[in-house]
Amino acid sequence: ASCQKFAQMVRTTVSNQSVEFPEGVKFDVKARIVSVTGPRGTLTRNFKHLNVDIKKANEKTLTVEKWFGNRKELAAVRTVCSHVNNLIIGVTKGYEYKMKFVYAHFPINVAVNDDKQGIEVRNFIGEKVVRRVRMQPGVTVARTSNKDEIALSGNDIEAVSRSAAQIQQCAVVKNKDIRKFLDGIYVSEKNIIGEDPRPVV
């Protein structure tokens, strides 16, 4: 028992990880707010809710440190690095989510707005109501060459995925057995622009 107490008392002195930035990508850190600028634009992420040290080691390296942290606080170090890597991919390549319309009888009719910032969903399970969804800032939506498919693209993975979630949630079957009534608009692929497609299993 005394050994277990001692193990709980001993904390990791310091945990740190670094993120290397590629050529053509600049970043700035101020009060745990990270801004990343690349060919596709600028993305900013606020990490003030995490009690970690975020420093600019040099022009190409960002360092994340946590001193004397418990298990949960140490896990935040890797989390910050993962978010920063997502920002780098966003400003260099961008993200694309593809969504398919699934229906058994009533064909789902989706019209993309002229500004590519929103969609209108009609005839979902035969309903007359028109469902309108606006994309998050920085996200555009378009029809693809495939039947019954749309593609959402943008630099911010959180904005793209949130827009996809809003589309999926606008077309939900109510008061029926969802094992039988599978109609809806579902994410079929989560891709990085310019890389091989990654279907959602």
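A charge sits over a ring if NZ of Lys or CZ of Arg is within 6 Å of the ring centre and within 35 degrees of the ring normal. Lys176 does this with Phe181, its charged end lying 5.9 Å from the ring centre. The charged end of Lys56 likewise sits over the ring of Phe27, 5.0 Å from its centre.

A word on the model: it is predicted, so local features need pLDDT of at least 70 and side-chain atom pairs count only at pLDDT 80 or more, while totals for chains, interfaces and linings use all residues. Residues are numbered from 1 along each chain as its sequence is written, and side-chain values use heavy atoms, with hydrogens and water left out.

Phe21 and Phe27 form a stacked pair, with 4.1 Å from centre to centre and 10 degrees between the planes. Trp67 and Phe68 form a tilted pair, at 6.2 Å and 50 degrees.

Trp67, at 43%, is partly exposed. Here buried means under 20% relative accessible area, exposed over 50%, and partly exposed in between (1.4 Å probe, protein chains only).

Notes
Phe/Tyr/Trp six-rings, centres within 6.5 Å; stacked < 30°, edge-to-face > 60°.
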